[in-house]
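Okay, thanks everyone, let's get going.

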Amino acid sequence: MWAAEIATALGAQLTAFVVPLQIYPFSGSSAWVGLAPMAAAALWAGALADVQDRRRVLLTTAAGIGVTSLLLWAQAWADLRSVGALLMLVGAPQALFGANSTVSRAVTPRLVRPELLPAANALQSMVLLSAGVAGPLLAGGLLPAVGSGTLDLADSVAVCATVWAVCRLPALPRGARR
């Protein structure tokens, strides 16, 4: 899971770097660039994780992130130049990422022994923080060479690692303990 999260977090940062560069020229507005439904999604995801099989929620959100990244690539390839389409295609994965992050943190205590929980939490935090630094650096270096569409495609391919890792997890029904 940790290695898969590294790939997915880096991929997400590629898209996070590219999308503002796509939205601003069309809209001319920094406000449109800053819209982010991730926080609201994290709130409902916590409640959802308490009543659903957490593995299923992780699979659904990770697959949704991959699909929306693929759709971002398709719109870049088609050169749609639509702020509305970009906002929808950015809002959906942000919401899904907020939900995925919340549920992922709730899953960790069920997968590791209690004495390993601090180390597991530190690894999760390290992945997200490192990707937040390395992802934009990587995107900035790759963007001139491969273009924004390719970075969106790389994001959708990277999320496959998480989908694969989550598929290998046991069922994690609510109330179940390790």
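I'll start with the helix pairs and then move on to the cavity and a pocket.

Quick housekeeping: this is a predicted model, so local features need pLDDT of at least 70 and side-chain atom pairs count only at pLDDT 80 or more, while totals for chains, interfaces and linings use all residues. Residues are numbered from 1 along each chain as its sequence is written, and side-chain values use heavy atoms, with hydrogens and water left out.

So, helix α4, residues 54-78. Helices here are DSSP runs of H or I, at least four residues, numbered from the N terminus. Its partner α7 covers residues 148-167, and the two axes come within 8 Å and cross at roughly 165°. The axes are lines fitted to C-alpha atoms over the stretch in contact, and angles run from 0 to 180 degrees between N-to-C directions. That makes α4 and α7 roughly antiparallel to each other, a label used for angles over 145 degrees. The crossing of this pair is left-handed, meaning the near helix is turned anticlockwise from the far one by less than a right angle.

Who's touching whom? On α4, the contact residues include Leu-58, Leu-59, Ala-62, Gly-66 and Trp-73, and on α7 they include Leu-153, Val-159, Val-163 and Cys-167. Contact, by the way, is heavy atoms within 4.5 Å. By class, the contact of α4 with α7 has 14 nonpolar, six polar and three charged residues. For the classes, Ala, Val, Leu, Ile, Met, Phe, Trp, Tyr, Cys and Pro count as nonpolar, Asp, Glu, Lys and Arg as charged, and the others, Gly among them, as polar.

Now α4 against α5. Helix α5 is 83-111, and the axes of α4 and α5 come within 8 Å, crossing at roughly 155°. α4 and α5 are therefore roughly antiparallel to each other, and α4 passes α5 in a left-handed crossing. The contact of α4 with α5 divides into 17 nonpolar, six polar and two charged residues.

And α1, residues 2-27? The axes of α1 and α4 come within 12 Å and cross at roughly 35°. α1 passes α4 in a left-handed crossing. Thr-15, Val-19 and Gln-22 of α1 meet Ser-69, Leu-72, Gln-75 and Ala-76 of α4. By class, that's three nonpolar, four polar and no charged residues.

How many cavities of 30 Å³ or more does the structure hold? One. A cavity is a set of points on a 1 Å grid over the protein atoms alone where a 1.4 Å probe fits but cannot get out, and lining residues have an atom within 4 Å of a point. The largest cavity has a volume of about 200 Å³, counted as the space filled by probe spheres set on the points. It is lined by 18 residues, and closest to its centre are Glu-5, Phe-97, Asn-100, Ser-101 and Ser-104. α5 gives the most to that lining, with five residues. Overall the lining of the largest cavity divides into ten nonpolar, six polar and two charged.

Last stop, the second largest pocket, at about 190 Å³. A pocket is an open set with protein on both sides within 12 Å along at least five of seven lines. Its lining includes Met-1, Trp-2, Glu-5, Ser-104 and Leu-123. The largest share of this lining, four residues, comes from α5.

Notes. Helices (H or I, at least four residues) and strands (E, at least two) are DSSP runs, numbered from the N terminus. Angles under 35 degrees count as roughly parallel, over 145 as roughly antiparallel, 65 to 115 as roughly perpendicular and the rest as oblique.
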